[in-house]
Amino acid sequence: MSVDSRDVQGVKCSVSAPWITVADLVRQQEIALGPKVAATFHESGAELTYSQLAVQARSLGAGLREIGVKAGDRVGAVLSNCPEALITWAACAELGAIYCPLNTSLGSDDLRHVLREIEPKVLLIETGLDTALLNCVVVTVGPAGEDRHLPFTSLMRNAETFVPAEVAPSDPSVLILTGGTTGLPKAVVRTHFSLMCGAVRYLAMLEVRADDGQLVNGQLFHSAAQESGFIGPLMAGIPAHWTAKFSTGAFWARARATGATLTDLGGAVLMFLLAQECSSHDGDHLLRAAICATHGVTDEARQQFKVRFGIAHLCEVFAMSETGMFLFHNSVSHTRKGSVGHARGWCETR
């Protein structure tokens, strides 16, 4: 397996980003970790092992190919965090198709705009979305939708006969729709290799251990959850614990129940948790480190959070949809107060 020639800088471990695709990574972990749990989902209680993720991705890939999805096609998804969302992304990677997870809170006008932007061949939805004007195949996840929609389960085929497409690490893997701060949302292209770079940065930043687990607070349509909830833990071989929506009141109970050691805390999330009434159970968890983008949060608040909740490491990052979540970051062993850290390889910055 060829690798990129640049090493991660400024951290104890020295690793290179593998020149592989998302599908390659899923297959590698299927072989290495098979029955180990890759992801859990709070609301449904569902779990995905590495083997299940890989086999179901090939099975769905065969079904998507049967209805006309090919390399370069876009597959949209308006889904909450669920097993089907991860399986679909992995299936798209097998086909060379581009996964396009969309914000589940978009109003009808914004949704129509982003669908015009990405022009999906297929759109996966949960029930209740108005699809009357959509010019694509609509697949329903969950309870049965309209008669003209295809149920997700109806696309599953024999995984053993599936032949993956020829996909290069430099090919697009996912489109991320930006927040549209200067206008309507725009589609950002992330290649397979750029996601591998993000995963290696994730491992280096948190100095991930074999017994770690990630408590995911974001949504899969955002690059934070994509890299710290799916691609990063997938490369690390640790479980990611998903919920459909972040809840301040339920956060610590979920942390205790999952036994997670790692999490992601945006500035608002950190402040929401800090604003809760103090409890004798504030330190009853195993979290040791958190990824933070805490612009606007005072150093005093950061220190209060660390002391009150006993989380030793808050690893600051600088992120954009275009660059990935961890372009700059501090790490567990190398943190500088008031800094977002160093550039971590595979990029030129100034």
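Visitor: Let's start with a side chain: what is the relative accessible area of Asp 299?
Guide: Keep in mind that this is a predicted model. Buried would need a value under 20%, and exposed one over 50%. Asp 299 falls in between, so it counts as partly exposed, with a relative accessible area of 32%.

Visitor: Which residue forms a salt bridge with Asp 299?
Guide: A nitrogen of Lys or Arg has to come within 4 Å of a carboxyl oxygen to qualify. The closest N and O atoms here are 3.3 Å apart, and the partner of Asp 299 is Lys 337.

Visitor: How many residues apart are Asp 299 and Lys 337?
Guide: Asp 299 belongs to helix H9 (residues 299-309), whereas Lys 337 is in the loop between strand S17 (324-329) and S18. The pair therefore links distant parts of the chain, given that the two are 38 residues apart.

Visitor: And is Lys 337 buried or exposed?
Guide: The cut-off for exposed is over 50% relative accessible area. Lys 337 has 68%, so this residue is exposed.

Visitor: Which residues do salt bridges with shared partners join into one network?
Guide: A search of the whole structure turns up 14 salt bridges. Some of them share partners, and the residues joined into one network are Asp 24, Arg 27 and Glu 94.

Visitor: What is the N to O distance in the salt bridge of Glu 227 and Arg 190?
Guide: Side chains of opposite charge can pair when their charged atoms come close. Here the side chains of Glu 227 and Arg 190 meet with an N to O distance of 2.9 Å.

Visitor: Is Asp 73 buried or exposed?
Guide: Asp 73 has its own salt bridge, to Lys 70, at 3.6 Å from N to O. Its relative accessibility is 11%, and the limit for buried is under 20%, so Asp 73 is buried.

Visitor: On to the sheets: which are the edge strands of the open sheet of nine strands?
Guide: The strand order is S4-S3-S13-S12-S14-S15-S16-S17-S18, with mixed pairing. An edge strand pairs on one side only, and the two that do so are S4 (47-49) and S18 (342-343).

Visitor: What angle does helix H8 make with S14?
Guide: S14 (residues 262-266) runs parallel to S12 (residues 214-215), with two bridges between them. H8 (residues 267-274) packs on the sheet, touching S14, S15 (289-293) and S16 (313-320), and the angle between the directions of H8 and S14 is about 100 degrees.

Visitor: How far apart are the end C-alpha atoms of helix H2?
Guide: H2 covers residues 50-66, which is 17 residues. At 1.5 Å a residue the helix should span 24 Å. The model agrees with that, since the end C-alpha atoms are 25 Å apart.

Visitor: What do the buried residues of H2 pack against?
Guide: Among the buried residues of H2 are Tyr 50, Leu 53 and Leu 60. The elements that the buried residues pack against are helix H1 (22-33), S3, S4, H3, strand S7 (122-125) and helix H6 (223-236).

Visitor: Which buried residues cover the two faces of S7?
Guide: In a regular strand the side chains alternate between the two faces of the sheet. S7 pairs in the parallel sense with S5 (residues 74-78) and with S8 (residues 137-140), over four bridges in the latter case. Both faces are covered, by Val 122 and Leu 124 on one side and, on the other, Leu 123 and Ile 125.

Definitions and conventions. Residues are numbered from 1 along each chain as its sequence is written. This is a predicted model: local features need pLDDT of at least 70, side-chain atom pairs count only at pLDDT 80 or more; totals for chains, interfaces and linings use all residues. Side-chain values use heavy atoms; hydrogens and water are left out. Two strands pair if DSSP finds at least two bridges between them. Contact means heavy atoms within 4.5 Å. Axes are lines fitted to C-alpha atoms, for helices over the stretch in contact, and angles run from 0 to 180 degrees between N-to-C directions. The expected span of a helix is 1.5 Å times one less than its number of residues. Buried means under 20% relative accessible area, exposed over 50%, partly exposed in between (1.4 Å probe, protein chains only).
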